[in-house]
Amino acid sequence: MTATSTRHAVYVGSFDPPTLGHLDIIRRGARLFDKLTVGIGINPDKKPLFDPQERLELVSKIAADLPNVEVACFEGLTVNFATSLGASVLLRGVRTVSDIEMEFTMALTNHVLASTIETVFLMASEKYSHISSTLIKQIASLGRDQAEKNLKDFVPKAVIKPLMSKVRQRTR
């Protein structure tokens with residue numbers, strides 16, 4: 001087992017696709033912690049737009065300028081992933097009041113499963129608090145000719161072309 005570091009945090013999600021909100025939390029987390037691992041969760045019950053490797057590549061690309069950020073895929077419980085890396089903090093982004101109840105429940109459960117791991121919440125920046133991956137997929141698939149132009153306010157530039165390509169493949 002890896003030694004635990006109080007300066008190593010893990011930020012997990014599906015990142016399908018990664019948004020400007022995700023990137024904001026990654027950047028802020030990178031400033032707060034010596035090391036931040038972005039964990040791309042693989043849930044076999046979900047049908048993501050991007051496969052795990054594609055999501056890993058997209059997140060790696062948008063966080064490439066952050067030397068203390070690494071990106072990895074994982075399956076299973078988040079606390080097990082964090083423990084395997086020697087991290088002692090789970091970083092969570094909270095967008096809205098409705099997120100808080102779910103995140104609070106998850107934090108309490110994670111603390112029972114791994115009492116040495118603390119959860120730290122970052123409130124989403126107000127300009128990103130309304131963004132969700134579901135909303136992004138709707139804009140991409142329903143936005144027609146304006147989709148690429150509209151997406152620049154919601155996802156990093158490096159995500160737009162791969163996102164539009166995936167959406168076009170699915171609608172064929």
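Which helices do the buried residues of α5 pack against? I found three partners: α1, α6 (147-151) and α7 (157-170). A reminder to myself before going on: this is a predicted model.

**Entry 1: helix α5**

I listed the buried residues of α5 and got S133, I136, I139 and A140. Looking down the axis of α5, I saw that these buried residues fall within an arc of 120°, so they line one face of the helix. Just after α5 comes R144, for which I wrote down a positive phi of about 50°.

**Entry 2: the nonpolar cores**

I136 came up again when I went through the largest nonpolar core, which has 20 residues. I136, L151, V155 and L163 are the members that touch the most others in this core. At least two residues each come from α1, α2, α5, α6 and α7. The largest share is that of α7, with 5 residues. I also found a second, separate core of 19 residues, with L36, V59, V69 and V71 among them.

What does V155 contact, leaving aside its neighbours within four places in sequence? My list reads P18, T19, L20, I136 and I160.

**Entry 3: helix α2**

Next I checked α2 (52-62). In α2 I marked R55, L56, L58, V59 and I62 as buried. These residues cover an arc of only 165° around the axis, which puts them on the same side of α2. Their cover includes α1, β2 (35-41), β3 (69-74) and α7.

**Entry 4: the loop between β1 and α1**

I went to the loop between β1 (5-13) and α1 (20-32), where P17 lies. The peptide bond that joins D16 and P17 is cis, with omega about 0°. F15 lies in this loop between β1 and α1 too, and its phi is near 50°, a positive value in a residue other than glycine.

Is F15 buried or exposed? I read a relative accessibility of 1% for F15, so it counts as buried, the cut-off being under 20%.

**Entry 5: the largest pocket**

How much space lies in the largest pocket? I noted about 1,100 Å³. It is lined by 44 residues, and V12, G13, S14, K46 and R92 are the closest to its centre. I went through the elements that supply at least two lining residues each: β1, α1, α2, α3 (78-85), β4 (87-94), α4 (97-113) and α5 (133-142). Helix α4 gives the most to this lining, with 7 residues. By type, I counted 17 nonpolar, 16 polar and 11 charged residues in the lining of the largest pocket.

**Entry 6: the cavity**

The largest cavity has a volume of about 30 Å³, and I listed V12, T78, L90, R92, M106 and N110 as its lining. I sorted the lining residues of the largest cavity into 3 nonpolar, 2 polar and 1 charged.

**Entry 7: two single residues**

D24 sits in helix α1. Its relative accessibility is 15%, so D24 counts as buried. Leaving aside its neighbours within four places in sequence, I found D24 in contact with S125 and Y128.

M102 belongs to helix α4. I read a relative accessible area of 47% for M102, which makes it partly exposed. M102 and I42 are 60 residues apart in sequence, and I noted 20 Å between them in space, C-alpha to C-alpha.

Technical notes:
Residues numbered from 1 in each chain as written. Predicted model: local features only at pLDDT ≥ 70, side-chain atom pairs only at ≥ 80, totals over all residues. Heavy atoms only, no water. Helix = DSSP H or I, 4+ residues; strand = E, 2+ residues; numbered from the N terminus. Buried < 20%, exposed > 50% of the residue type's maximum accessible area, 1.4 Å probe, protein only. 1 Å grid on protein atoms, 1.4 Å probe; cavity = no way out; pocket = protein on both sides within 12 Å on 5 of 7 lines; lining within 4 Å. Points joined across faces, edges and corners; volume = space filled by probe spheres on them. Nonpolar A, V, L, I, M, F, W, Y, C, P; charged D, E, K, R; others polar. Arc of directions from axis to C-beta. Contact = heavy atoms within 4.5 Å. Core = buried A, V, L, I, M, F, W, Y, C linked by side-chain atoms within 4.5 Å.
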